[in-house]
Amino acid sequence: MSDPLRPAPDDRTPAELLAFGVVNLDKPAGPSAHQVAGWVRDLAGDAVDDFVASAADDRESTPNAESPTVDRAAHAGTLDPKVTGCLPMLLGDATRMAQAFLEGRKEYVTVLELHGPRPADFESVLTQFEAPLYQKPPRKSAVRRQLRVREIYALELLDHTDRQALLRIACESGTYVRKLCHDLGLALGTGAHMGHLRRTATDPFDDTSLVDLHAFTDALAVAREGDTEWLREVVQPAERALEHLPGVVIAPSAAEQVATGAPVYAPGVIEGPDNAVDDDALVACYTSNGSAVCLGRLVGDPDGDSGVVVDLEAVLV
């Protein structure tokens, strides 16, 4: 049996990078997030096939069944067709870690379209919405329409005209900005709806490292010619998508057991999280070279001598 553990993130071949990578994609207006994921999957899959075939030609051998492949891609949080911005895209086996994005926060910039003149107490009303709020998903939502609580961490007025306000919103994952804008209109007494919306951050990514589809396509083309520097800027190791989660370092022997579905036991833990972590928190486990092994729930003491420390949620090797 081949070694299930991956090389260190910086030591991966272009094919290995694409088969377990993440692209901080700048979604354009028009296509759905699902359509964009399909395009990225196909572009990455074709490139990996070419890289594997080229490597086999260099060795005068035939690609084997264990060669890297990309047959799927997953996006971090759906964006409606008209919405633009930060849509991290997980490639290949990295799709198994999609739940990691449910643990972070999102940031947006939106235009609030007021149905009447902006009232004098506008900013004080905004402050009242910086709190946990009840929300029910809209009728067109893909999730069950039940009342739930989502927290607004910050609501900032960036600019305004008489009947428009440019807002920055920092919020809990799963917040419906369209519903927030509607509720703001009710509180202001003017009525309001959401105009243009752009997502500027999805933990741990923000808009400082966005890549558009043209750059992604061009970087793949240049890499096929042998220059992979641009590709390594555009596609990051999948571990980048886990940086906002507490980390646990485990021994290679423990990682091999995780690959077969075993939990992480105390004797296999080399190093626990840097900071205090709540019980049952989602954590990422790595080998000492920084390669991700699994996601799981912290259920035991990382400094203990026995017992289960991490219950598996997703095996990443």
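Which backbone nitrogen does the side chain of N289 reach at 3.0 Å? In this predicted model, the backbone nitrogen reached by the N289 side chain at 3.0 Å is that of S291. Local features were taken at pLDDT of at least 70 and side-chain atom pairs at pLDDT 80 or more, while totals for chains, interfaces and linings use all residues of the predicted model. Residues are numbered from 1 along each chain as its sequence is written, and side-chain values rest on heavy atoms, with hydrogens and water left out.

N289 is placed in the loop between strand 14 (282-286) and strand 15, where helices (H or I, at least four residues) and strands (E, at least two) are DSSP runs numbered from the N terminus. The relative accessibility of N289 is 34%, so the residue counts as partly exposed; buried denotes under 20% relative accessible area, exposed over 50%, and partly exposed the range in between, with a 1.4 Å probe and protein chains only. The side chain of N289 also joins that of T287 through a polar contact of 2.6 Å. A polar contact is a pair of N or O atoms within 3.5 Å; within protein, one must be able to donate a hydrogen and the other to accept it, and residues adjacent in sequence count only if both atoms are side-chain atoms. Beyond neighbours within four places in sequence, N289 is in contact (heavy atoms within 4.5 Å) with R6, P7, A8 and P9. A19 lies 270 residues from N289 along the chain, and the C-alpha atoms of the two are separated by 18 Å.

R12 belongs to the segment before helix 1 (14-19). With 2% relative accessibility, R12 counts as buried. Its side chain makes polar contacts with the side chains of E239, at 2.8 Å, and S291, at 3.2 Å. When residues up to four places away in sequence are not counted, R12 touches R6, P7, L17, F20, R232, P237, E239 and S291.

The chain as a whole contains seven helices and 16 strands. Its C-alpha trace spans about 70 × 50 × 30 Å along the principal axes. Of its 317 residues, 47% count as buried. Among contacts between residues at least 6 apart in sequence, 68% join residues at least 24 apart.

The largest nonpolar core comprises 55 residues, and L18, M89, L112 and L167 have the most contacts inside it. Helix 2 (residues 33-59) gives the most to this core, contributing nine residues. Such a core is a set of buried Ala, Val, Leu, Ile, Met, Phe, Trp, Tyr and Cys residues joined through side-chain atoms within 4.5 Å. With neighbours within four places in sequence left aside, L18 is in contact with A44, A47, V48, F51, V70, L91, L220, L231 and V235. Another core, of 21 residues, lies apart from it and has F20, C86, L90 and A238 among its members.

Strand 4 pairs in the antiparallel sense with strand 7 (residues 164-172) over nine bridges and with strand 8 (residues 192-202) over eight bridges; pairing requires that DSSP find at least two bridges between two strands. K106 has C171 of strand 7 as its bridge partner, and Y108 stands opposite R199 in strand 8. The loop between strand 3 (84-91) and strand 4 (105-114) holds T95, which counts as buried at 15% relative accessibility. The side chains of T95 and R72 make a polar contact of 3.0 Å.

Six strands form an open sheet of mixed pairing in the order 12-16-15-14-11-13. Strand 12 (264-265) and strand 13 (269-271) are the edge strands, each pairing on one side only. Strand 11 (residues 247-250) runs antiparallel to strand 13 and is joined to it by two bridges, with I250 opposite V269. Helix 7 (residues 252-259) packs on the sheet, touching strand 11, strand 12, strand 15 (292-298) and strand 16 (308-315). The directions of helix 7 and strand 11 make about 105 degrees; axes are lines fitted to C-alpha atoms, for helices over the stretch in contact, and angles run from 0 to 180 degrees between N-to-C directions.
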